[in-house]
Amino acid sequence: MDLFNLSPPHIRAIAPYQPGKPIAELAREMGLPESDIVKLASNENPLGASPRVLAAIENVIMGLARYPDGNGFTLKTALAERHGVGLEQIVLGNGSNDVLELTARAFLTPQSSAVYSQHAFAVYPLATQAVGARGIEAPAKDFGHDPEALLAAIKGDTRILFVANPNNPTGTLLDPVQLLGLIERVPKNVLVVLDEAYTEYLPDAMKSDSIGWLKRFPNLIVTRTFSKAYGLAGLRVGYALASAPVVDMMNRVRQPFNVNSLAQAAAVMAMQDDAFLDECLAINRAGMVQLTDGFKRLGLAYIPSYGNFVAVQVGNAAAINLSLLKQGVIVRPVANYGLPEHLRVSVGLEGENKVFLQALERALEEMKK
């Protein structure tokens with residue numbers, strides 16, 4: 001018997017998600033010291049976690065023999081106070097990827113469909129396909145979400161519309177007016193999953209009142225993460241905010257201990273450390289200018305971004321990426337997102353950005369020979 005065929009066809013057809021290359025892996029492949037490698041591939045916070053967060057982790061680390069609070073009461077309480085929602089409106093996740101998948105598991109079936117945009121986050125089609133549902137990709141406009149195309153893509157069997165704002169990997173944004181106009185026109189029997197993993201990086205004028213909209217739209221789910229601006233990618237903690245009936249269904253398919261004790265303690269403290277967050281955002285703004293000024297100097301087009309990364313058009317992206325890897329610089333190829341000529345580059349510290357730009361210039365020169 002071919003054991004591979006024991007799995008249903010929709011599972012066999014999945015191409016697994018490919019994360020950014022780890023530093024240790026590149027060091028082994030290229031024979032490079034890990035300390036010399038610059039990783040700008042996974043949209044991580046170059047400052048890491050704040051000292052106050054690290055201290056909070058130290059305070060709970062001796063309790064690792066105990067299971068974490070499966071209900072996440074302390075973290076949920078902190079989130080409820082910050083966002084003005086009830087505890088019954090919060091779902092915790094092992095990163096926001098987890099809550100995206102919980103949404104698919106709770107509301108999609110092989111007889112239903114989900115809609116998402118071209119060039120949108122790869123987890124949307126993966127989560128959809130994993131439950132046997134049909135994925136519908138709406139064409140993008142200027143690399144970003146096209147509200148009219150998304151609405152036109154919704155069919156009678158559609159149960160979820162995924163919207164990333166800002167979008168990964170393009171960094172594009174629907175402004176508050178555009179986004180609200182889209183949500184208002186979505187059928188009430190279709191859940192709108194608004195993925196705001198990068199919302200902290202937005203200037204205040206560009207931030208939507210997405211959480212306030214929960215009172216108007218029972219079919220709205222807002223997902224967020226502590227992996228990006230808060231620097232907790234290694235701990236995996238995210239959350240969703242939604243109406244109580246929606247949260248109830250998601251919790252029915254959630255693993256009971258999906259957010260560990262260290263992650264819960266770290267997330268609670270991260271929300272309190274506004275000074276550290278402000279520092280991270282300032283470094284991101286300066287780094288974005290440094291990168292985009294470098295692209296202009298090199299004559300490269302890029303997609304204006306509202307996140308902590310930017311997609312730059314380099315031509316033969318596969319060859320440029322290989323050259324960068326040989327030089328000890330890791331960025332993210334995005335051909336699998338329908339962007340074969342682009343590389344996505346995370347904003348790093350000033351010195352890391354400089355190393356990348358120098359390596360990119362060398363790679364481009366090599367291509368001319």
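Trainee: Is Gln264 buried or exposed?
Mentor: Start with the model itself: it is predicted. Then compare the relative accessible area with the cut-off. Buried means under 20%. Gln264 has a relative accessible area of 9%, so it is buried.

Trainee: Where does Gln264 sit, and what does it touch?
Mentor: Gln264 belongs to helix 10. Leave aside its neighbours within four places in sequence. Gln264 is then in contact with Pro68, Asp69, Gly72, Leu75 and Val259.

Trainee: How many residues of helix 10 are buried?
Mentor: Of its 12 residues, 10 are buried, so helix 10 is largely enclosed by the rest of the structure. Among them are Leu262, Val268, Met269 and Met271. Several alanines are on the list too, including Ala263 and Ala270.

Trainee: What covers those buried residues of helix 10?
Mentor: The cover includes helix 3 (51–60), helix 4 (73–83) and helix 11.

Trainee: What does the check give for helix 13?
Mentor: Helix 13 covers residues 350–368, which is 19 residues. From its first C-alpha to its last, helix 13 reaches 28 Å, close to the 27 Å expected.

Trainee: Which residues of helix 13 are buried?
Mentor: First the general idea. An α-helix has 3.6 residues a turn, so residues three or four places apart point the same way. Now the case here. The buried residues of helix 13 are Asn353, Phe356, Leu357, Ala359, Leu360, Ala363 and Leu364. Look for that spacing as you read the numbers. Their cover includes helix 11 (274–297), helix 12 (317–326), strand 11 (329–330) and strand 13 (342–346).

Trainee: Next, the backbone. Which peptide bonds are cis?
Mentor: Most residues other than glycine have a negative phi, and most peptide bonds are trans. Here, the bond from Asn165 to Pro166 is cis, with omega near 0 degrees. Another cis bond joins Asn168 and Pro169, where omega is about 20 degrees. Pro166 lies in the loop between strand 5 (158–164) and helix 8 (176–185). Pro169 is also in the loop between strand 5 and helix 8.

Trainee: What is phi of His119, and of Arg236?
Mentor: Phi of His119 is near 70 degrees, a positive value in a residue other than glycine. For Arg236, phi is near 60 degrees, again positive in a residue other than glycine. His119 is in the loop between strand 3 (113–117) and helix 6 (123–130). Arg236 is in the loop between strand 7 (220–225) and strand 8 (238–241). His119 counts as buried, at 8% relative accessibility. Arg236 is partly exposed, at 29%.

Trainee: What about Asn251 and Leu102?
Mentor: They are 149 residues apart in sequence and 8.1 Å apart in space, C-alpha to C-alpha. Asn251 is in helix 9 (residues 244–253). Its relative accessible area is 25%, so Asn251 is partly exposed.

Trainee: Now step back. How many helices and strands does the chain have?
Mentor: The chain has 13 helices and 13 strands. Its radius of gyration is 21 Å, close to the 21 Å that the globule rule gives for 369 residues, so the chain is as compact as a globular protein of that length.

Trainee: What share of the residues is buried?
Mentor: Of the 369 residues, 53% count as buried.

Technical notes
Residues numbered from 1 in each chain as written. Predicted model: local features only at pLDDT ≥ 70, side-chain atom pairs only at ≥ 80, totals over all residues. Heavy atoms only, no water. Helix = DSSP H or I, 4+ residues; strand = E, 2+ residues; numbered from the N terminus. Rg over C-alpha atoms; globule rule 2.2 N^0.38 Å. Buried < 20%, exposed > 50% of the residue type's maximum accessible area, 1.4 Å probe, protein only. Expected span 1.5 Å × (residues − 1). Contact = heavy atoms within 4.5 Å.
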